[in-house]
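The sequence and the structure are shown first.

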Amino acid sequence: MPRPKTSVYIATSLDGFIARPDGTLDWLMDERYTIPGEDFGYQLFMDSVDTLVMGRNTYETVLGFDEWPYAGKRVVVLSSGTPAVPDKLRNDVMVLSLPPAGVLDYIAQQGGQHVYIDGGQTIQRFLRDKCIDDLIITRMPVLIGEGIPLFGALAEDVLLSHLETKAFVNGAVQSRYACE
């Protein structure tokens, strides 16, 4: 069974952080970065995705949002524990404790075709195990000084091919890369 396509779609501060140390995203929600009618390609990306894989911390952050943003998508939460899954999400959210290749095998068996990998540690694990096909990274024009980094230590280089870069009027720069 072929492995599903795996993609990262994420925003970082210019200094490379995806969230503050406590996981908050207030810097990303600043209205100065809003462009009326512009979603930075997010909806087009989400329309292509059938499954999301995220770590427990990312999942718990998303649970705190006013609305569950992944309605109609299968969500896999990676955790060695048993994070709470609200009753209304029991049909859409499953918790697994598998290495990246095992997660992708499971998703392939469920018919998954395109997987969105989200969360700092999860992205780092999938990159280390060569289980990411492409990265879409939007760098926001803000320095937050400390936080959760997008990238971490690697046993070897991860070679990337640049596919495209777009600059937005709010100062954001979005680049897309294929992992070799």
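Does R20 count as buried, exposed or partly exposed? At 26% relative accessibility, R20 counts as partly exposed. The model is a predicted one. R20 forms a salt bridge with D26, and the closest N and O atoms are 2.7 Å apart. D26 is partly exposed as well, with a relative accessible area of 44%.

**Overall form**

The secondary structure of the chain comes to four helices and 10 strands. Along the sequence these follow the pattern β-β-α-β-α-β-β-α-β-α-β-β-β-β. The radius of gyration is 16 Å, close to the 16 Å that the globule rule gives for 180 residues, so the chain is as compact as a globular protein of that length. The C-alpha atoms fill a box of roughly 40 × 40 × 30 Å along the principal axes. Of the 180 residues, 42% count as buried. Among contacts with a separation of 6 or more, 69% come from residues 24 or more positions apart. The chain exposes about 9800 Å², of which carbon and sulfur atoms supply 52%.

**Salt bridges**

The count of salt bridges comes to 10.

| Pair | Closest N and O atoms |
|---|---|
| D133 and R3 | 2.6 Å |
| R20 and D26 | 2.7 Å |
| E164 and R176 | 3.8 Å |

D133 forms a salt bridge with R3. This pair links distant parts of the chain, with D133 in the loop between α4 and β7 and R3 in the segment before β1, 130 residues apart. D133 counts as partly exposed at 26% relative accessibility, and R3 is partly exposed with a relative accessible area of 38%.

The salt bridge of E164 with R176 has its closest N and O atoms 3.8 Å apart. E164 lies in strand β9 (residues 160-167) and R176 in strand β10 (residues 173-179), so the pair ties together parts that are 12 residues apart in sequence. E164 is partly exposed, with a relative accessible area of 33%, and R176 counts as partly exposed at 28% relative accessibility. E164 and R176 are also linked with K5 and D134 in a network of salt bridges.

In soluble globular proteins, nonpolar side chains tend to be buried together. The largest nonpolar core here has 28 residues, of which L52, W68, Y70, V75 and V93 touch the most other members. At least two residues of this core come from each of β1, α1, β3, α2 (56-63), β4 and β7. Leaving aside neighbours within four places in sequence, W68 is in contact with Y59, V62, L63, V75, L89 and V93. Apart from this core lies another, of 21 residues, among them V8, V103, F126 and L150.

V76 is placed in strand β4 (residues 74-78). At 0% relative accessibility, V76 counts as buried. Beyond its neighbours within four places in sequence, V76 is in contact with T51, L52, V53, M54, M94, L96, V103 and I107. The C-alpha atoms of V76 and M54 are separated by 6.4 Å, although the two residues are 22 residues apart along the chain.

Helix α3 (residues 100-109) has P100, V103, L104, I107 and A108 as its buried residues. Seen down the axis of α3, these fall within an arc of 135 degrees, so they line one face of the helix. An α-helix has 3.6 residues a turn, so residues three or four places apart point the same way. The cover over the buried residues of α3 includes β1 (5-13), β3 (51-55), β4, β6 (114-118) and α4 (120-128). Just after α3, G111 takes a positive phi of about 90 degrees.

Most residues other than glycine have a negative phi. F40 has a positive phi near 60 degrees and lies in the loop between β2 (17-19) and α1 (42-48). F40 is buried, with a relative accessible area of 15%. K130 has a positive phi near 55 degrees and is found in the loop between α4 and β7 (134-140). K130 is exposed, with a relative accessible area of 54%.

Technical notes
Residues are numbered from 1 along each chain as its sequence is written. This is a predicted model: local features need pLDDT of at least 70, side-chain atom pairs count only at pLDDT 80 or more; totals for chains, interfaces and linings use all residues. Side-chain values use heavy atoms; hydrogens and water are left out. Buried means under 20% relative accessible area, exposed over 50%, partly exposed in between (1.4 Å probe, protein chains only). Contact means heavy atoms within 4.5 Å. The arc is that of the directions from the helix axis to the C-beta atoms. A salt bridge is a side-chain nitrogen of Lys or Arg within 4 Å of a carboxyl oxygen of Asp or Glu. A nonpolar core is a set of buried Ala, Val, Leu, Ile, Met, Phe, Trp, Tyr and Cys residues joined through side-chain atoms within 4.5 Å. The radius of gyration is taken over C-alpha atoms; the globule rule is 2.2 Å times the number of residues to the power 0.38. Accessible areas come from the Shrake-Rupley method with a 1.4 Å probe; for residues, only the protein chains shown count as cover.
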